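Here is a briefing on one protein structure. Keep the sequence and the model side by side while reading.

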Amino acid sequence: MAPNSINTNQNSNPKTTQPASSKPETKPKFRLVIPLRIRRGAATLVEVSLVAVAAVVPLSLGQGANERFKERVPLNPVLVEVQESIAQTLALPRNLQPVQVAPLTNLLWSGALLLPILWGGTQLIFLMTTGQTSPKRWFAVAVVRADGSPPGLLRVMIREGLGRWGLPIATAYGIWRYTGAFPDLSILLILVGGLIVVESATVLFDRRRSFHDRLAGTYVVDVEWLEEETEIETGEMEFGETELDDLKQAVRERRGGSIEVNQQVTYIDGNIVVEQIPVSSILDPAFSLDFSEADFSPSVTAEGNSGNSANFSPDFSVNPNDNSASFAAHHRSTSAPAITTITLPSSRPFHLWSLMRRYPGATLLTALVGSISLVLGTFVGTQVYIQGETNQRNFQQQQNQVFLSLVNQLNQARSVEERKGVILALGRIEDHRVVPFLVDLLARERSPSSIETIEQALVANGLISLPPLQKLSQTLQNDLQTAIRRAIKEEQDLVITRQKSVARSIAKILTISVPTTQKIDLSKVDFSSIPVVLEGLELAGINFQGTNLFNANLRYGQFFNAGEDKIERTYDDRITDFFRANLQQVDLTGARATRALMVESNISWSAINKADFSDSNLTRANLSGAQIINSQFNRVNLEQASLTGANIGDSQFMGANFAQANLGKARAINSNFSRANLTKTNWQLADASQGNFSGANLIGADLSNSKLVGANFTGANLQNASFQNADLRFADLRGTNLAGADFQGVVFFTPPSADPDQFIRAVIPKESSTMVQQVDFSRVKNLDRRQLTYLCSQGAIHPNCP
């Protein structure tokens with residue numbers, strides 16, 4: 001029933017139907033137990049929760065499977081596209097996106113993408129057709145149009161897609177993106193949640209309608225309310241079968257909009273009579289309706305052949321003193337039941353055809369001008385397109401003639417100088433076939449001077465020469481292996497000459513070319529044949545996966561760029577990828593490699609002084625013998641990396657992950673490892689004197705025979721760590737967890753005498769004592785008598801202390 005209409009219906013003949021007052025209650029009124037607003041809010045919360053669960057559960061299971069299973073396959077292409085889109089929208093860093101995952105992870109993550117779509121789509125279909133999703137059905141809530149019917153596709157799209165979610169999320173995203181809060185995702189989540197709550201709170205101003213309901217023209221009602229209205233409309237009045245069918249048809253016609261505004265529907269002798277009611281009689285602004293004294297109880301009489309008839313006739317009385325009207329009900333007998341519906345006037349929809357009929361002259365003029373403009377625009381556009389295509393075709397024909405002519409001359413050249421001149425001429429023409437032709441010529445050329453000329457021509461073409469040169473480099477590596485197997489010295493030298501030319505060409509192109517946002521792939525290129533110099537270059541975003549950069553000069557190289565938005569840790573950041581690259585003996589002094597990808601790369605014996613590698617990923621990287629002095633490695637991932645014999649003194653490793661890393665014989669004097677994860681690391685024979693290990697996690701670490709003079713371990717977790725024969729003089733152990741730690745042979749002090757009895761009697765000076773006051777050594781293993789005597793004298797806690 002329309003919320004803004006007045007409907008009066010009658011109950012059936014008491015001979016055939018039980019009176020309404022004595023009708024037994026068949027179900028409890030759920031809406032009377034819990035208010036409608038609470039139930040609609042609960043239904044919305046359950047809807048959102050179910051969609052979130054459909055995504056989060058398989059996503060979490062997939063993440064767990066990815067960590068458990070070691071087998072790796074490429075990520076599903078669809079997931080890659082979705083991942084790219086999400087990362088670009090939310091400005092997520094590129095290096096957080098997995099490329100290789102476990103096969104089961106691919107399946108589960110595909111489910112995380114499909115299940116929310118299937119569940120949400122199903123619920124939207126239910127909402128369109130029945131006005132209820134599953135949670136709304138559980139909470140006895142329905143969404144209806146003004147006439148009580150389901151909302152349909154258009155209203156659901158406006159209500160859910162635009163009003164409820166679209167506008168709040170779009171507004172929050174705009175505020176986040178352009179007000180300086182970008183790229184903090186926590187602020188975006190707060191804004192989205194806040195605006196959705198504000199939008200939903202608009203229901204407080206209307207019992208049944210929030211903003212999205214007003215936008216879509218829908219109402220949220222009780223299911224019991226809807227069922228009661230349907231029962232009243234469709235015949236709690238039991239007439240004969242013909243009369244009941246006609247009555248249902250009348251209700252359907254009223255809901256479908258076939259009954260006009262201000263009409264009265266009367267059922268008389270099996271016929272439906274529609275009569276016009278003057279609007280002025282019910283909508284006069286001089287008085288208002290008062291229903292407080294109205295009696296809506298029906299009166300039923302039995303007349304006519306049909307056996308049952310009833311009529312309800314309302315009357316109005318006007319009180320001139322307060323400009324109000326009272327509504328009174330009178331019963332009268334007629335030959336048939338009367339059903340009267342008064343519907344408030346509604347605005348008439350806009351019809352283009354009616355407007356055209358009203359203004360035929362303007363319509364004709366508009367059509368004429370539009371037709372002429374369309375014809376002229378089509379003609380001019382066609383001519384411009386034809387002329388452009390003709391010019392392009394002529395230019396291509398000229399270029400084709402020049403290219404073919406030069407190729408002809410190259411084949412017929414008799415001297416080396418003539419051949420070199422033709423090659424240089426080929427490098428200057430603009431034709432997409434030039435670079436592939438020159439690269440192919442380089443792969444076959446045997447004259448060193450001609451090879452050098454080809455190199456010049458390729459460099460002149462710039463960045464477009466890099467892809468074919470990268471492929472040629474990989475081909476030449478295979479050719480060199482074949483020549484080595486054949487043991488043909490001349491063939492080996494020729495392949496090496498070509499390799500050097502390729503490496504020089506790429507290096508020169510990178511040196512002279514302006515940095516670009518396009519992806520440059522130099523994976524598996526061999527630069528080891530020459531001492532390649534790329535000092536001070538912008539190399540951010542280049543793919544060096546598997547590239548051999550042995551002995552290269554990369555001093556002050558830039559391997560990270562914040563991108564167009566100039567904000568770090570966002571999607572458009574350009575990051576150099578050195579996955580499994582050979583960087584042995586490379587000079588990286590002063591390099592900026594923030595968040596660089598160096599997983600499983602070989603950086604042994606390289607110089608990385610005064611460089612910034614913060615937030616980089618060096619998992620399983622080999623830095624043995626590397627010199628890392630006064631560098632920034634904060635939050636770097638060095639899990640299972642090898643730093644054996646490396647000099648990492650005076651460097652910052654705050655919050656770094658060294659889990660299971662090997663730092664044996666490393667020199668880490670005065671380095672900062674605060675809050676670092678050093679679980680199960682190997683420090684045997686290392687020197688970390690004056691090192692800062694405050695708040696670090698050293699569970700299960702092996703620091704045997706290491707030198708830790710003056711090290712700061714305050715607040716560190718040293719559970720089950722091994723300090724056998726370690727030098728802990730002047731080390732600060734306050735606030736540490738030493739449960740299960742092995743202190744066999746640990747040196748806490750410099751003994752004043754070799755005589756143990758004399759030591760016991762000696763007074764140990766405060767300035768040489770270890771800071772162990774109030775440190776709990778109760779569960780420390782392998783403490784000898786001299787160590788325990790010293791610790792007790794310094795205020796340590798142990799059951800054997802007096």
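The points below cover helices, a cavity, charged pairs and selected loop residues.

This is a predicted model, in which local features need pLDDT of at least 70, side-chain atom pairs count only at pLDDT 80 or more, and totals for chains, interfaces and linings use all residues. Residues are numbered from 1 along each chain as its sequence is written, and side-chain values use heavy atoms, with hydrogens and water left out.

**Helices**

- Helices (H or I, at least four residues) and strands (E, at least two) are DSSP runs, numbered from the N terminus.
- Helix α2 covers residues 36–68, 33 residues in total. From its first C-alpha to its last, α2 reaches 47 Å, close to the 48 Å expected at 1.5 Å a residue. The expected span is 1.5 Å times one less than the number of residues.
- Buried means under 20% relative accessible area, exposed over 50%, and partly exposed in between (1.4 Å probe, protein chains only).
- Buried residues of α2 include Arg-39, Arg-40, Glu-47, Pro-58 and Asn-66.
- Asn-66, in helix α2, has a relative accessible area of 11% and is therefore buried. Contact means heavy atoms within 4.5 Å. Leaving aside neighbours within four places in sequence, Asn-66 is in contact with Arg-72, Gln-100, Val-101, Ala-102 and Thr-105.
- In helix α15 (residues 434–444), the buried residues include Val-434, Phe-437, Leu-438 and Leu-442. The buried residues of α15 pack against α13 (360–412), α14 (416–428), α16 (448–460), α17 (466–486) and α18 (489–512).

**Cavity**

- On a 1 Å grid over the protein atoms alone, a cavity is a set of points where a 1.4 Å probe fits but cannot get out; lining residues have an atom within 4 Å of a point. Grid points are joined across faces, edges and corners, and a volume is the space filled by probe spheres set on the points.
- The structure holds two cavities of 30 Å³ or more.
- Helix α2 supplies the largest share, three residues.

**Charged side chains**

- A salt bridge is a side-chain nitrogen of Lys or Arg within 4 Å of a carboxyl oxygen of Asp or Glu. The whole structure has 23 salt bridges.
- Glu-491 and Arg-446 meet in a salt bridge at 3.9 Å, N to O. Glu-491 lies in helix α18 and Arg-446 in the loop between α15 and α16, so the pair ties together parts that are 45 residues apart in sequence. Glu-491 is partly exposed at 28% relative accessibility, and Arg-446 is partly exposed at 48%.
- Arg-595 pairs with Asp-573 in a salt bridge, the closest N and O atoms being 2.7 Å apart. Arg-595 lies in the loop between β17 and α19 and Asp-573 in the loop between β16 and β17, so parts 22 residues apart in sequence are tied together. Both Arg-595 and Asp-573 are buried.
- Glu-199, in helix α7 (residues 185–201), is buried yet has no salt bridge. Lys and Arg count as positive and Asp and Glu as negative; His and the chain ends are not counted. The nearest side chain of opposite charge to Glu-199 is Arg-164, 5.2 Å away.

**Loop residues**

- Pro-93 sits in the loop between α3 (77–90) and β3 (100–101). Pro-93 is buried, with a relative accessible area of 13%. The C-alpha atoms of Pro-93 and Arg-595 are separated by 9.4 Å, although the two are 502 residues apart along the chain.
- Asn-553 lies in the loop between β15 (542–543) and β16 (560–561). Asn-553 counts as buried because its relative accessibility is 18%. Asn-553 and Asp-587 are 34 residues apart in sequence and 5.1 Å apart in space, C-alpha to C-alpha.
- Ala-140, in the loop between α5 (134–138) and β4 (141–144), has a phi near 55°, a positive value in a residue other than glycine. Ala-140 is buried, at 9% relative accessible area.
- Gln-690 has a positive phi of about 60° although it is not a glycine. Gln-690 is partly exposed, with a relative accessible area of 45%.

Key. On a 1 Å grid over the protein atoms alone, a cavity is a set of points where a 1.4 Å probe fits but cannot get out, and a pocket is an open set with protein on both sides within 12 Å along at least five of seven lines; lining residues have an atom within 4 Å of a point.
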